[in-house]
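Take a look at the protein shown below.

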Amino acid sequence: MTSTLRASRGLRMLPVGTYAGRGHVMIERAFRVYRRGWMVIFSGFFEPLFYLFALGTGLKGLVGTVVGPGGHVLSYTAFIAPALLASSAMNGAVYDSTMNVFFKLKYAKLYDSVLATSMGPLDVAIGEISWALLRGGTYSLGFLIVMAVMGLTASWWAIALLPAALLIAFGFAAVGMAATTYMKGFQDLDLVQVAVLPMFLFSGTFYGLGVYPRWLQLVVECLPLQHGVALLRGLNAGVIDLGMLGHAAYFVVMAGIGLWIAARRLDKLLLS
């Protein structure tokens with residue numbers, strides 16, 4: 001980036017792109033906005049829960065048991081529950097970091113006002129992604145409680161499901177916000193559903209990847225949700241190996257790239 005200064009806005013001499021360490025202000029604002037409308041947030045928790053009850057109850061009698069990670073034999077409900085948890089984390093993070101961010105960026109012009117203060121683009125990116133992470137984490141926590149009550153946690157490693165789900169939400173939130181900075185109109189938001197729905201249906205959420213031909217397995221194994229499903233399913237079954245580190249590293253890299261792109265794009269769109 002250039003060394004353009006924001007002195008023209010009557011601010012202290014602060015280089016464009018400087019991180020002021022005040023991303024928490026964006027989270028505080030979000031809490032104030034939603035303090036009277038928490039059902040808007042919690043409503044997103046119910047979709048995977050309905051899938052769990054519908055398929056875990058309706059198909060359980062037809063499917064019976066399924067071979068899970070490490071050769072463990074699981075009930076069909078216990079097999080799909082961790083995958084739906086990963087989907088819940090993805091949905092909460094993606095929809096908040098795309099639709100909400102798009103409205104604030106293009107129509108409410110919120111970030112123009114924020115960047116007229118000492119806060120920088122990286123503050124905005126970290127704050128908004130953190131809020132999306134909290135929203136995805138809320139969905140995940142609620143779903144994990146349901147799993148525990150229904151006896152769907154198969155090992156003590158299940159206590160790591162929540163931090164793993166937060167990592168998944170972080171990766172999707174960062175990439176979602178980065179993608180939003182390239183959107184021109186509301187029609188572009190349809191592309192979010194085009195990306196999310198196929199991942200939800202074909203990333204091994206409801207069945208193992210063995211049903212696919214090998215070439216299609218390789219394609220699906222590149223999808224981020226598949227890595228999330230494999231990570232949570234392995235943790236729930238207590239199967240811990242080096243492959244789990246690979247799944248976690250996938251989301252660390254995904255989050256880092258998304259955060260970097262989002263900050264640079266906000267810098268270019270709002271401060272150039």
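The paragraphs below go from the overall fold to single residues.

This is a predicted model, in which local features need pLDDT of at least 70 and side-chain atom pairs count only at pLDDT 80 or more, while totals for chains, interfaces and linings use all residues. Residues are numbered from 1 along each chain as its sequence is written, and side-chain values use heavy atoms, with hydrogens and water left out.

Start with the fold. The protein has eleven helices and two strands. Both kinds of element are DSSP runs, numbered from the N terminus: helices (H or I) have at least four residues, strands (E) at least two. Read from the N terminus, the order is α-α-α-β-β-α-α-α-α-α-α-α-α.

Now the surface. The protein has 272 residues, and 47% of them count as buried. Buried means under 20% relative accessible area, exposed means over 50%, and partly exposed is in between (1.4 Å probe, protein chains only). The accessible surface comes to about 12800 Å². Carbon and sulfur atoms own 69% of that surface. These areas come from the Shrake-Rupley method with a 1.4 Å probe; for residues, only the protein chains shown count as cover.

How does the chain meet itself? Take contacts between residues at least 6 apart in sequence: 79% of them join residues at least 24 apart. A contact means heavy atoms within 4.5 Å.

Go inside next. In soluble globular proteins, nonpolar side chains tend to be buried together. Here, the largest nonpolar core has 68 residues. Such a core is a set of buried Ala, Val, Leu, Ile, Met, Phe, Trp, Tyr and Cys residues joined through side-chain atoms within 4.5 Å. Among those with the most contacts inside the core are Leu 52, Tyr 111, Phe 172 and Leu 232. Helices H2 (38-58), H4, H5 (110-114), H6 (121-149), H7, H8, H10 and H11 (242-271) each give two or more residues to this core. The largest share, 16 residues, comes from H4.

Stay with Leu 232. Which residues does Leu 232 touch, leaving aside its neighbours within four places in sequence? They are Pro 82, Leu 85, Ala 86, Leu 161, Ala 164, Ala 165 and Ile 168.

Helix H10 covers residues 224-237. Of its 14 residues, 13 are buried, so H10 is largely enclosed by the rest of the structure. The expected span of a helix is 1.5 Å times one less than its number of residues. For H10 this gives 20 Å, and its end C-alpha atoms are 20 Å apart, which agrees. After H10 comes Gly 238, with a positive phi near 75 degrees.

Positive phi turns up again at Lys 109. Its phi is near 55 degrees, and this residue is not a glycine. Lys 109 sits in the loop between H4 and H5. At 44% relative accessibility, Lys 109 is partly exposed.

Now look for rings. The structure holds eight aromatic pairs. Rings of Phe, Tyr and Trp (its six-membered ring) pair if their centres lie within 6.5 Å; planes under 30 degrees apart count as stacked, over 60 as edge-to-face and the rest as tilted. Phe 102 and Phe 186 make an edge-to-face pair, 5.1 Å centre to centre, with 65 degrees between the planes. This pair links distant parts of the chain, 84 residues apart: Phe 102 is in helix H4 (residues 76-106), and Phe 186 is in the loop between H7 (161-180) and H8 (190-202). Phe 186 is partly exposed, at 42%. Ring pairs link Phe 102, Phe 103, Tyr 107 and Phe 186 into a cluster.

Arg 233 lies over Phe 79, at 3.7 Å from the ring centre. The charged end of Arg 265 sits over the ring of Tyr 182, 4.0 Å from its centre. The rule is that NZ of Lys or CZ of Arg is within 6 Å of the ring centre and within 35 degrees of the ring normal.

Finish at strand S2 (residues 73-75), where Leu 74 lies. Leu 74 is buried, at 11% relative accessibility. Its contacts beyond four places in sequence include Val 66, Phe 79 and Ala 154. The C-alpha atoms of Leu 74 and Ala 237 are 8.6 Å apart, although 163 residues separate them along the chain.
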